[in-house]
Amino acid sequence: MQGLYPPDMADPTTPTVLLSDVEIQRVVADLAHRIAPVIDDETVAVVLLTGGLWFAADLTRALSRVGRQVRFDALWLASYGDGQSSRGRIDVHAPYQRPIAGRRVLILDDVFDTGLSLAEAVRITREAGAADVLTCVFARKPWPEPRAVEPDFVGWEAPNRFLVGYGLDHAGTLRGLPDICALD
Ligand SMILES: O=P(O)(O)OC[C@H]1O[C@H](OP(=O)(O)OP(=O)(O)O)[C@H](O)[C@@H]1O
Ligand code: HPA
């Protein structure tokens, strides 16, 4: 890929579009309708940085449009580094900014793959004293065995391919693609 977007079909390394930005916004709006009845304005939406940023920005605005003005915080976790498979160890780069003890928390992430990142986020959140922990991922990838924690809300069941765009990166690149694409 030569930095061109939309894709140059003659380039064999061009990411294949799996879900367009228009379809992404439909999925986000649908998630907001499903989530709104189980949260209130005291709920803390928590983005898992870095990849969850784009989804969390869209979902919190979609929630606002259906009447939910959530609080907001971030947890900065990393497990993939620059590779295409999980290192199996989660590094916590930044903890919560504000106390969440006694609050309902809605954890938001771009993709659920091995499930390790979400499980660690849930563990940290419970340990910080949250009253209740809900989880929502934009995309869930298939996995051969049961994962420790399944998300409460899933926007899109993704194929088992390496995804980029809408926050998903390849070694820090391609997060800003408006569509979700497969690189393999
Ligand atoms: O279910 P898992 O196998 O844990 O994979 C999902 C996690 O992997 C990515 O994060 P990454 O560690 O690459 O950091 P990033 O958010 O900076 O991309 C993604 O944003 C999820 O948080
Ligand atoms: O398919 C993926 N793409 C980018 N980052 C990821 N982290 C887990 N799975 C993926």
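Which residues are around ligand 2? In this predicted model, they are Tyr-80, Val-111, Asp-113, Phe-162, Leu-163, Leu-168 and Asp-169. A residue is taken as near a molecule if its C-beta atom, placed from the backbone, lies within 6 Å of it. By class, the shell around ligand 2 has five nonpolar residues, no polar ones and two charged ones. Here Ala, Val, Leu, Ile, Met, Phe, Trp, Tyr, Cys and Pro count as nonpolar; Asp, Glu, Lys and Arg count as charged; the others, Gly among them, count as polar.

Residues are numbered from 1 along each chain as its sequence is written, and chains are lettered from A and ligands numbered from 1 in the order in which they are written. Because the model is predicted, local features need pLDDT of at least 70 and side-chain atom pairs count only at pLDDT 80 or more, while totals for chains, interfaces and linings use all residues.

Ligand 1 is surrounded by 18 residues. The closest are Gly-51, Tyr-80, Asp-113, Thr-114 and Ser-117. This shell divides into six nonpolar, eight polar and four charged residues. Strand 5 (104–112) and helix 3 (116–127) each supply at least two of its residues. Strand 5 gives the most, with four. Helices (H or I, at least four residues) and strands (E, at least two) are DSSP runs, numbered from the N terminus.

The UniProt record, an unreviewed entry, lists residues 27–169 as "domain: Phosphoribosyltransferase". UniProt positions are given in the numbering used here, feature names are shortened, and annotations may be inferred rather than shown by experiment. Over residues 27–169 the chain is 24% helix and 30% strand.

Strand 2 (residues 44–49) runs parallel to strand 3 (residues 71–78), with six bridges. In this pair, Val-47 stands opposite Ala-74. Strand 2, helix 2 (residues 53–65) and strand 3 form a right-handed β-α-β unit. A crossover is right-handed if, with the strands pointing away from the viewer, the path from the first strand over the helix to the second runs clockwise. Strand 3 also pairs with strand 4 (residues 91–94), antiparallel and over three bridges. There Ala-78 stands opposite Asp-91.

An open sheet of three strands has the order 1-9-8, with antiparallel pairing. Strand 1 (16–19) and strand 8 (163–164) stand at the edges, each with a single partner strand, so one side of each has no neighbour in the sheet. Three bridges join strand 1 to strand 9 (residues 180–182). Leu-19 stands opposite Ile-180 in strand 9. In a regular strand the side chains alternate between the two faces of the sheet.

Two residues illustrate exposure. A residue is buried if 20 or more other C-beta atoms, placed from the backbone, lie within 10 Å of its own, exposed if 12 or fewer, and partly exposed in between. Arg-61 is found in helix 2. It is exposed, because 11 other C-beta atoms lie within 10 Å. Arg-61 and Val-28 are 33 residues apart in sequence and 9.6 Å apart in space, C-alpha to C-alpha.

Ala-101 lies in the loop between strand 4 and strand 5. Ala-101 has 9 C-beta neighbours inside 10 Å and therefore counts as exposed. Leaving aside neighbours within four places in sequence, Ala-101 is in contact (C-beta atoms, placed from the backbone, within 7 Å) with Ala-128 and Gly-129. Ala-101 and Tyr-166 are 65 residues apart in sequence and 31 Å apart in space, C-alpha to C-alpha.

Terms used:
Two strands pair if DSSP finds at least two bridges between them. Two residues are in contact if their C-beta atoms, placed from the backbone, lie within 7 Å.
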